[in-house]
Amino acid sequence: LAACRTGRQLLVSLSDTAEQNRSPVEEALRASQAREQQARAEAERQRNELLGFVEQATVAVALYSGPQHRIELVNAATLSIWDRSLSEVLHRPVFEVLPEAATPEVVAIFENVFTTGTPYTAHEQPTYINRHGRQEVVYWNFVFQPQRHPDGRISGILTVGTEVTEQVRARQQLEQLNQELEARVQARTREAQAARAEAEAQGAGLQRIFEQAPVAIAIVRGANFVVELGNPVMEAIWGRPLAQVLGRPLFEALPDARQQGLEAIFTQVLLTGQPYTAIEIPVTLDREQTGQLAQGYFNCTWQPLRDAQDHTTG
């Protein structure tokens, strides 16, 4: 190609050199151009593959540029979480697209990463997002990674994250249930302690009534009629210290009471579960521990004691 100016016009002449021999420089230039086109094609292929990978990734990926954090790249996972379409967000500042997310804490994360170039990792970061017709608190695990120009200046921010809202809510519900359960356990424990204290107080009161009763009372258990309790009036009738009687079969501790028909009465009440009352029943006992038996007369009642299964135990 040759060109020259002729007055106000340009004279151009063209000639076809396809059939002429190429110089080494021209051959090298054409080869370089071919390699450059091939490299561009390969770079474009790799870029398209990378974009396809980002688009199909199950994690949320977004690329923000400049100090306004304009959305330059966003994948389907992020759009689904935001509940926005690509046309609504592309090339717009993120806090214009998501004004409800512009809390001081979230804005500070963006500003700090962009101005300092320091990456930031968040665990269960709460963010407000208007989606599905209402405002929700969304929890994320994500990484903020600064992006740089070839000269090192920060150009934007790349974020990669995963929404963990359901896991956080499930854990919060579990923690709440645990707290409620712990509160119930503590309340039940206090109730049990109060009931135990009341029972102990009642037991102590009954014990005092038992000991202060003006009539003789004793409790025996089992077929051998082992003495479980006895009050001072009964102790005086027996003529033996309670320490010598308690925990022993009654007729072993009081051998002088044998062969007076008392064992038959005890056995009858234990076997039938029916009370038995005797008026002015004569009983001979060594009440003074002198070896001399003395006869006394007693009004007595044998009352069966029953367990939880309604079995007579004493």
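Which elements do the buried residues of helix 5 pack against? The legends below, for a predicted model, start there.

**View 1. Packing partners of helix 5.** The buried residues of helix 5 pack against strand 3 (60–65), helix 4 (94–97), strand 5, strand 6 and strand 7 (154–163). Those buried residues are Val 106, Ile 109, Phe 110, Val 113 and Phe 114. They lie on the same side of helix 5, because they cover an arc of only 115° around the axis. An α-helix has 3.6 residues a turn, so residues three or four places apart point the same way.

View 2. Helix 5 covers residues 104–116. Its 13 residues should span 18 Å at 1.5 Å a residue, and the end C-alpha atoms, 17 Å apart, agree with this. Exposed Pro 104 and Thr 115 sit on the face turned away from the buried side. Gly 117, just after the helix, has a positive phi of about 75°.

View 3. Strand 5 (residues 120–131) and strand 6 (residues 134–148) run antiparallel. They are joined by 11 bridges. Two residues separate the strands in the hairpin. In the turn, His 132 has a positive phi of about 55°.

View 4. Thr 127 belongs to strand 5. Its relative accessibility is 10%, so Thr 127 counts as buried, the cut-off being under 20%. Leaving out residues up to four places away in sequence, Thr 127 touches Ala 101, Val 106, Glu 136, Val 137, Val 138 and Trp 140.

Notes:
Residues are numbered from 1 along each chain as its sequence is written. This is a predicted model: local features need pLDDT of at least 70, side-chain atom pairs count only at pLDDT 80 or more; totals for chains, interfaces and linings use all residues. Side-chain values use heavy atoms; hydrogens and water are left out. Two strands pair if DSSP finds at least two bridges between them. Helices (H or I, at least four residues) and strands (E, at least two) are DSSP runs, numbered from the N terminus. The expected span of a helix is 1.5 Å times one less than its number of residues. Buried means under 20% relative accessible area, exposed over 50%, partly exposed in between (1.4 Å probe, protein chains only). The arc is that of the directions from the helix axis to the C-beta atoms. Contact means heavy atoms within 4.5 Å.
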